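Welcome! Here is a short briefing to read with the sequence and the structure side by side.

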There are 8 protein chains.
Amino acid sequence: MPMQKMLKEILTRVREGKMGVEEALERLAHLPYEDLGFAKPDTHRALRRGFPEVILAEGKTPEQVVSIASKLWEASPRLLITRANEEISQVVKKEFPEALYHSQARAVVLDRLGERPTRPGVMVVSAGTSDLPVAEEAALTAELMGNIVERTYDVGVAGLHRLLDQLPKLRHARVVIAVAGMEGALPSVIGGLVAAPVVAVPTSTGYGASFQGLAALLAMLNSCAPGVAVVNIDNGFGAGYLAGLINLGKEAI
Amino acid sequence: MPMQKMLKEILTRVREGKMGVEEALERLAHLPYEDLGFAKPDTHRALRRGFPEVILAEGKTPEQVVSIASKLWEASPRLLITRANEEISQVVKKEFPEALYHSQARAVVLDRLGERPTRPGVMVVSAGTSDLPVAEEAALTAELMGNIVERTYDVGVAGLHRLLDQLPKLRHARVVIAVAGMEGALPSVIGGLVAAPVVAVPTSTGYGASFQGLAALLAMLNSCAPGVAVVNIDNGFGAGYLAGLINLGKEAI
Amino acid sequence: MPMQKMLKEILTRVREGKMGVEEALERLAHLPYEDLGFAKPDTHRALRRGFPEVILAEGKTPEQVVSIASKLWEASPRLLITRANEEISQVVKKEFPEALYHSQARAVVLDRLGERPTRPGVMVVSAGTSDLPVAEEAALTAELMGNIVERTYDVGVAGLHRLLDQLPKLRHARVVIAVAGMEGALPSVIGGLVAAPVVAVPTSTGYGASFQGLAALLAMLNSCAPGVAVVNIDNGFGAGYLAGLINLGKEAI
Amino acid sequence: MPMQKMLKEILTRVREGKMGVEEALERLAHLPYEDLGFAKPDTHRALRRGFPEVILAEGKTPEQVVSIASKLWEASPRLLITRANEEISQVVKKEFPEALYHSQARAVVLDRLGERPTRPGVMVVSAGTSDLPVAEEAALTAELMGNIVERTYDVGVAGLHRLLDQLPKLRHARVVIAVAGMEGALPSVIGGLVAAPVVAVPTSTGYGASFQGLAALLAMLNSCAPGVAVVNIDNGFGAGYLAGLINLGKEAI
Amino acid sequence: MPMQKMLKEILTRVREGKMGVEEALERLAHLPYEDLGFAKPDTHRALRRGFPEVILAEGKTPEQVVSIASKLWEASPRLLITRANEEISQVVKKEFPEALYHSQARAVVLDRLGERPTRPGVMVVSAGTSDLPVAEEAALTAELMGNIVERTYDVGVAGLHRLLDQLPKLRHARVVIAVAGMEGALPSVIGGLVAAPVVAVPTSTGYGASFQGLAALLAMLNSCAPGVAVVNIDNGFGAGYLAGLINLGKEAI
Amino acid sequence: MPMQKMLKEILTRVREGKMGVEEALERLAHLPYEDLGFAKPDTHRALRRGFPEVILAEGKTPEQVVSIASKLWEASPRLLITRANEEISQVVKKEFPEALYHSQARAVVLDRLGERPTRPGVMVVSAGTSDLPVAEEAALTAELMGNIVERTYDVGVAGLHRLLDQLPKLRHARVVIAVAGMEGALPSVIGGLVAAPVVAVPTSTGYGASFQGLAALLAMLNSCAPGVAVVNIDNGFGAGYLAGLINLGKEAI
Amino acid sequence: MPMQKMLKEILTRVREGKMGVEEALERLAHLPYEDLGFAKPDTHRALRRGFPEVILAEGKTPEQVVSIASKLWEASPRLLITRANEEISQVVKKEFPEALYHSQARAVVLDRLGERPTRPGVMVVSAGTSDLPVAEEAALTAELMGNIVERTYDVGVAGLHRLLDQLPKLRHARVVIAVAGMEGALPSVIGGLVAAPVVAVPTSTGYGASFQGLAALLAMLNSCAPGVAVVNIDNGFGAGYLAGLINLGKEAI
Amino acid sequence: MPMQKMLKEILTRVREGKMGVEEALERLAHLPYEDLGFAKPDTHRALRRGFPEVILAEGKTPEQVVSIASKLWEASPRLLITRANEEISQVVKKEFPEALYHSQARAVVLDRLGERPTRPGVMVVSAGTSDLPVAEEAALTAELMGNIVERTYDVGVAGLHRLLDQLPKLRHARVVIAVAGMEGALPSVIGGLVAAPVVAVPTSTGYGASFQGLAALLAMLNSCAPGVAVVNIDNGFGAGYLAGLINLGKEAI
C-alpha cells in the first residue's frame, strides 16, 4: 500500500528529525483521503468474504465486459456479471473457461472459492413465470453471498391459495424477496402474512397501463403492510444483495 | 310532444294533398333527430323505474345545486346529490324538507317512492376506514336502484384473514365493488377468490407516491385476476351504478 | 385429494380415541388452507363449464407456451392462448394439431367440447379498424365462455351516423364492449345511448399525445356517462371475460 | 413617434450634408428594431379595431391589476381583465366606475366604444354547467372582437340528443368553440358533425383521473375528427380570441 | 339512395291513402337517422369539392391500405394516404398506377381532378430540417384542399434573424402553420409577430427531456401569444386540414 | 377465543361419537380461516413483544382517531398514532392522560410497558432540517420496537464533510435509515460508505421539480450503491419499522 | 482549530519519541477527514469574501428561521433568507433590527459589510410581471456576491420587439439570467441572440398545462440554442448564485 | 454584404438628392432586420474564433448530413457533427477525407485550423463508464472551442473515495462538467466540494425507474448544492459548449 508507506515515511522522517512538525502537518493535510485508508477496510472485507464484484453487462459491448472482468478477476475471488445475454456469456466463457452462465438469471459467475451457501433464511417469491429472470437474479446474488435461498415462483395474488400453501415456508424465512409485475400486490399480501422484512421488486412484466413496471412500483411503495421496502424495477441483483445483507446480519458486514 | 305533432301535421298535409311528397321529404330530412324520439324511451324508462337523477355537488354553489335540483325534482320521483358537504345538505334540506343527508356517503337523497331495495347480490368491500365515504356512495347508489347491498369494510390485504373471513359472503355476491386506496391490491385478491364481476374503485387514500390515487388506479387496471374493471378515482357513484346495473340484469334496463 | 384424506384420518383417529382433542386442534390450526379446499369449487366449476384456461403468450418463448399449454390441456377441456403471433401459433399447432389460430384476435384456441355459444347479449363495438385485434380478442373470449357476440367495427364518434345506425342493436345488448384508441370517446357516447353496462377498452391505437393509449384510458375513466368501467389498455381478453361474466349472470358463476 | 422623428432627422442631415453616409450607416445599424416600426402596425390596428388589451388577473394583487389597467386604459379604447374574482372586480370598479364585471366569465370589461358585435359565425358549446366560466370567457372575448356569438351549454356527449338538437345551429357556424372537461369528447363529436373549424378547450372540470384537465386535454389532442385544434386547459380567452380571428377573417387582421 | 327511396315510398303511400298517418308516424320514428340523410350533405360536399378521403397508413399492412383505398377511390375523386413508407407507396402504386408518392411528406395522393390550388393564404413554417416530413404533410394536405401554400423551413428561434426575414411573407398569410420540436417556441414567437391565426404542430424532433414531443406540445399549449391553437404531436395532416378550412372560409364548408 | 372453542367442540363431539367424521369434515372445510388461527401467532407475538398498534391520524377526524385508539388500547400494551397534529394530540391526551405527544415526530404514543430500548444498531441520518419530522417518526418507531437509535441530522451531500465526520458511527450501525428530500442523494452516498443495509426515505422537502418528493424517490430507486431499498415518500414510520425488524433480527419475529 | 492541534500534538510526540511510528500511523488513519481540513478553505473563503449564508425560509416556522439565523449570523458577515413572507420578515427584523426585507424578492438580507457590488456583467431578463419575485431573488443574490446586475423585465417572446430593444444591453452582459413561465421560450430566443452563457429559470407562472412550471422547464431543457443551462423551477437564488459565480470568474472562487 | 450596400446606396441617393427623405424613411422601415446586420457580428466572430458549426446527425440520413456539411464547410474553418454513428462517419469521411471520427464521443470533426486548445480550466467528470459517450462529447466540444479539458471518469458517488481522490484537480477547475445517469447525485456532491460552476448532464444510463434519464434529470435540478445548472439528458454537446463559454469568459464572446 503506497499510501501507508508514504505516511510511514513522513512519520519516520519526523521522528528522525529530518522533517519539521509544521511541514509534516502541511503534507498530511493535503493527502488524498482514500490514501488515508478510509475505503480500504471495505476492500479487505470484500476480499475476505469473497463477495463478488458486479458488472452490469447491459449497455456494454462484450469486449468492454471482458476487459472490466479481466481487471476485477485479478483482485476478487468471485465475479458476478448481471444482465448478460447469450452472446456476452459466450465471449466471457471464451476468455474465462471457468465462467458459468445462469441463463434464467441472465448472469455469468466466476468463482474461485466454490463454497456453498451456509446461511439459511432468504426466500424468493415471484408472482408469475415472466418474473423469473428477475427472481433468479435475486436468488443467485443472495446465494453468492453465502445465503441458502428458498424459491417459490408463480404464486400471484389472483390465486391466493397457491401463496397460502407457502405460508409455513414464508413464516420460516428471515427475509422475503417478493417479485411481481402487473399490479404488484404480492409484497403487500406477503407483508401482511409474515413478520420478516420484505424486499419488494417490481418487474416490467405486463402491458398497457403497467407502463413498464411503474404500476407495480407505485403499488409496492404504497404497501399498506409495514416491513416492506422497494428496489428499482427489474432490479433482482439489488434485492438479492439487500436481502443477503439482512440475512447475514452484522457479522457479515 | 311537439315533434310528433309536427310530424303528424306533415303527414296529414301529405295525405290531404296539401303538401307534395318532395317537399315533405325535404322537411323530414332536416328535422332534429331528438324530436324523432330516439332518446325519449330513456326518459320514459327512467320515470317508470324511478331511478334517481344525479347532481354532482362538488364545484357548484349551494344555490346552483338547489336550482338544478328543483328542476329535476319535478320530473323525477327520486333525486341523488353526490359529494354534498354539510353546508350544501343544509341548504337543500331547507328547500326540500323531505331530503335525507347521508353524511358518510356525502349524499343527499330525495325520494317520493320510498320503496325498499328488493334485489340481493351487490357486495361493497373496502380496504380501509378512510375509503368509507367512497364505499358508502357506491352502496347508497346501488340501493337507490333497488339492490340490496352487503357492506364489508376495512378488510385490506395487509390483514388477509379479515378478507378471507368474508369469503362465504363474497361467494354469494353477484357483483362485488372493491374500494381501495394506497396500493389498490384488494380487487386483484378478490378477483382471484370469486367468480362474480368485480368493479374496482381506486381511492385517493394514501400519501406520497400514491399520487392522489394514481397508484391504486394503475394497480387495479393491471389486475392479474380477470373479471375486474375499474372506474375513476373516488368514483363511488359510478361503481354503485354499474354494479347495480349488472345485478339488476337485462330486465332492469 | 390428499388434504381431505389427511383431515379424514385426523377425525377418524379422534373418533377412535387414537388422537386427543388438543392434539387434533393443534394440527388443524397449522394445515395449509388451500388443502381445506377453499379454492377447489372454482376448479370444479371451471371444469364443468368448460371455461378456458388462459396463457398470455407475449413475453414467453414458443417453448414456454407449449410447455404450459401441455400441462393445462390435460386438466381443461378448453384452452385460450392470447397475444400469440404467427410463430407461436405454428409451434403450438405442431404440438396440438387440433389448435385453431384466430389471426385477427392473435389467439390460439384448443377446444375439446366444440359447443357453440348459446347466450345472446354481448355486443363488441370498435372505433377504428386498427382496434380490431383487441376487439376480436374480446369477442372470442366472450364466445368461448358461451356468449353469442354481436360485432360492430369502425363506428368511431367522428362519424356519429355510423354509430347511431347501430342503435337498435346496441339497445338490445345486455352488455356492450366499447373498444377505442386515440381520444377514447366511444364508451362515453355509447354509455349515453344505452342502459346496459359498458366495458370500455382503451387501445394503443394513435400516436403522439395518445401516449400509447394513455389518452384513451384517461378519457374512459372520466366518462361523463354512468355505467362505464374500464380495463387495461389493449386488454381485449379482460373485457371479453368481464362482459361474458355479466351476460351469463349469476347462474354462470 | 420619436423613432420616425429620429430617422427623419438622420436622413435630413444626410441630405443636408451634415452627416456622412458612413456615419448614418453606423447609426442605422444600431437602432432598436422596434423603433424601425415593425411592431407599430399592430398597435395601430389594435387601436383602429378597438381590440381590447388583456390583463390576466390571476396571480396578481388587486393593486397590480389596477396599476397595469390604468396604464393600458390610456392607450386603448377597450380593456379586458380575465380571471378576475369578486374582490378584484370591486377594486377595479372603484378606480374605473365605467368597468363592467361579467361574473360568470370572471371578467372585467372597460369599453369606451360601446359598439355591438356585427359579425355572426362564432358558436360556443359547452359539455357541462361547470364549464360555464370558461365558455363565457371565450364568448365574451369573441364578442369584444366584434363577433356575434351563439351559446349552447350543457350538451355533453352522454346525452347525445341534446347536442344533435343543436345541429342546425352548429351547421351554420363558421367556427365552433367546444368546451369540455372530464373525458373531453365533445370536440371530437362536433368535429365529426360540422365542417367548420373547431377550437377545443379542455377544462379542469372533473376529479380523480381527470388530473385537473389533463384527460380532456389529451383526448382533444387525439381527436379522430379533423379540423380540431386545442388551447390550454381552462383557456377560454385563448379560444375566444382564436375563434374570433378565424371568423373575422383576413380583413380583420 | 335507398333511404330516400324508402322515405318517398312512405310519403307516396300516405298521399295515396295506402298508409295511415299513425302508421307512417311510427315507421318514421324508427328509421335509422343516417338514412334520414343528416350526414349526406357532408358526403355531397366532399364529392363536390373533391376533398380527399384520408387513410392513415401507419399501423396498417400494405394490403389493408390497398383494400381500403380501393373502396374509397370508387367514391372519391381524390385520396390521401398519410404516413406511408416507401414499401406501402410501392404496393399502392402497383395497384393504382396514377398514384403519386410525396416522399418527404410520406404521403400518397390519388387525384382524378388534377386541379391546382387557387386560394392563397396558408404559410407553413418549420423550426428545423427534421420537422420537414410533418411540415410537408401539412402543406400537401392544405394544397389538396385548394389552398396555395407558402413554405418556409428551418427558421427556428435560435436564429431569430432567419425568422424575422420572413416577416413580410408571414404578415401576408391568412393562417400560419408553425411546426417545431425541441422547445417548441416557434408558434409563440410567430404568434407575437402576426395577427393571423397560428396552428401549432409540435413534433417529436429532439431527445432526452423532449419526451417524444411532449416538451414542444406543452410549450405550445402555454403560448403567451394569443391566437395560437395546437394539434397532436407530428400531426401535419390535422394542421394542414384545419389551416385549409380556416383559409378557405365559410364558402368552403 | 370463540373459534378454538368451536373447534374443540367439534372434535369433542367427534370423539364422543356425537358427530360423524363426514359431517365434521364438511364443517371444518367451511370455517373461516382466521378462526383456524393462522393470524393468531402474529397477535400473540405482538402482545408479547409489546409492539405498538399504529393509527395513521392524517385524514381522520380527532373523534375517529380516539374511537379507534380506545379499541386498540384495550388489546395492546402500546399504541402509536402517526401524523397527528397538535389538535389531535390534545383530543387524544384528554381521553388518555397517559398519552405522550412527540411534536417533532408528529406522533402520539401510549405505553403501558415503559421499557427502554435495549438493542443498539439503528442509525437515522437526515439530509436537512426540514426532513426532521420524517426522520423523527422513523426513529421513534424503531425505538418503540426496542431498538436503540442513533440520530444524525442535517448532513446532506452538499456539505460532504458533515457526513464523513459521521463515518465511524455509520460504520457501527447494523442498519441505516437515510432521509432526504430534494435530489435524494444521501442514501447513495451512504450506501457507498457502509456495508449495512440502507433504508432510504424520500421526503417531500423541496419545490419545483422535486414534484413533492418524486425527484428524491426516483433518485433513491436508482441508487448506484447496492444495499439500498426505498419506502414511500415521507414514510418515516415504514422506514423505522423495517429498520427495526432488520436490526432485531430473526429472534424478534 | 482543534484538529490541527491534535495533529501537531501527534507529530510532536512522534518527534519527541513519545509515540511510535506505527501508533501514529494508526491514529492518523482514523481521524475524521473534515478535521484534516479539506472543507476548511471553503469556510475561510466564504468569510473572506463575505458571501452570504442562505436560509430557505419556506417550510420553516419563523422561530426556526430566527434560530438558524442567529447561529449563522455569528459566523458570517452576510446572511440571506430566501422565500421569506411578510410574517417571517417581521419576526426576523424584531430579532435583527439591521435586517432589510426585499419584499419583491421575498428575501431578508443581513449585511455587516455594506459593500456595493463592483463587478458588472450580470443581466436578469424576465418574460412577464408575474416572474418578478423569482427574477428579483436572482438579481439580489448576484448583487450580494458583488455583481452589478442589470434588470429588464416583461420582455416575453410574444412581443419580440420589447426584447430586441434590449439587444445592446444583452450583448454587453457576460452572463444572462432568463426567467420565464408559461411556454418558457425566452432563454432559447436570448440564447440565439447573445454569445454569453444563459442561465434559464423556469417559473410556475401559468395555469393548466403549464403544470406548475413543468412546461417551461422542459422547454428550457430542450432549448435549440446552445449555451443555455437550467435551474429548478422558481429557483431564482440558484440562478443568481450560478450567474454570479460565472461573472466573477476564477478569481472569485 | 448586400444589405450594407443597399443601405449605403439609399443614404448616398439621399445625400445626392436623388431620393427624398420620406421615401428613404419608408424603405428603411421595411428592410428585413437581419439585413440591418444585427446577426452578422455573430457570424464574424464565429469565423474569427474558428468555433465549429454543429450538425446533429441523429435523425438524419448520411446523405442529409453530407449535404449540410458540404454547405457549412465552405463557410467555416471547423465543423462538428454530433451523434454520428459508424455508418455516418464512413460516408462523411468518403466525402471529406480530412474528417476525424471520435468514436467514443460519436462525433466527426473537420478542422482546417488544427490549433490546439490553450485555455485550461474545464474538467469533465463522469459517474460511470456508460456515461462515457456523453462525457466525451462534452470534452471534445469544449476542446474545439479552445479549452484544455481535464477528464476524470467512473467516479460515481457510490465509491466516494474515487471522487475525493480527484479533489485537488476539481479544486483547480474553473468550471466542472458532471455527467451521471441513474440517481444523478454526482453534481450535487461535486457542487458541495468545489466553488466553481458545475454544469450537470443527466444521462439515460440506467433502467427501470430511471425512465431514460428522468430520475437523474430531476435529481440534478433539485441539487441542494448551489452553483449547479442542468442541460438536457445526454446533451454532452450543450454542456461542453456552455462550460467552454464560461471558461473562455467575456473575451471569448
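Predicted model: local features only at pLDDT ≥ 70, side-chain atom pairs only at ≥ 80, totals over all residues.

Residues are numbered from 1 along each chain as its sequence is written, chains are lettered from A and ligands numbered from 1 in the order in which they are written, and side-chain values use heavy atoms, with hydrogens and water left out.

**Positive phi angles**

- In chain E, you can find E:Arg106 in the loop between strand 3 (100–102) and strand 4 (107–111); helices (H or I, at least four residues) and strands (E, at least two) are DSSP runs, numbered from the N terminus.
- The phi of E:Arg106 is positive, near 50°, in a residue other than glycine.
- C:Asp154 is not a glycine either, yet has a positive phi of about 65°.
- Look for C:Asp154 in the loop of chain C between strand 6 (147–152) and helix 7 (160–164).
- With 32% relative accessibility, C:Asp154 counts as partly exposed.

**A buried loop residue**

- C:Ala195 sits in the loop that runs between helix 9 (186–193) and strand 8 (198–202) of chain C.
- Its relative accessible area is 13%, so C:Ala195 is buried.
- From C-alpha to C-alpha, C:Ala195 and C:Phe96 are 43 Å apart in space, and they are 99 residues apart in sequence.

**Where chain A meets chain F**

- Chain A brings 30 residues to the contact and chain F brings 30 residues, where contact means heavy atoms within 4.5 Å.
- About 2700 Å² is buried between chain A and chain F, and carbon and sulfur atoms give 65% of that area; buried area is the accessible area (1.4 Å probe) that two parts lose on being put together, summed over both.
- On the side of chain A that touches chain F, the elements giving two or more residues include helix 3 (40–49), helix 10 (214–221) and strand 9 (228–230).
- Helix 11 of chain A gives the largest share of that side, 5 residues.
- By class, this side of chain A has 20 nonpolar, 5 polar and 5 charged residues; Ala, Val, Leu, Ile, Met, Phe, Trp, Tyr, Cys and Pro count as nonpolar, Asp, Glu, Lys and Arg as charged, and the others, Gly among them, as polar.

Terms used: Buried < 20%, exposed > 50% of the residue type's maximum accessible area, 1.4 Å probe, protein only.
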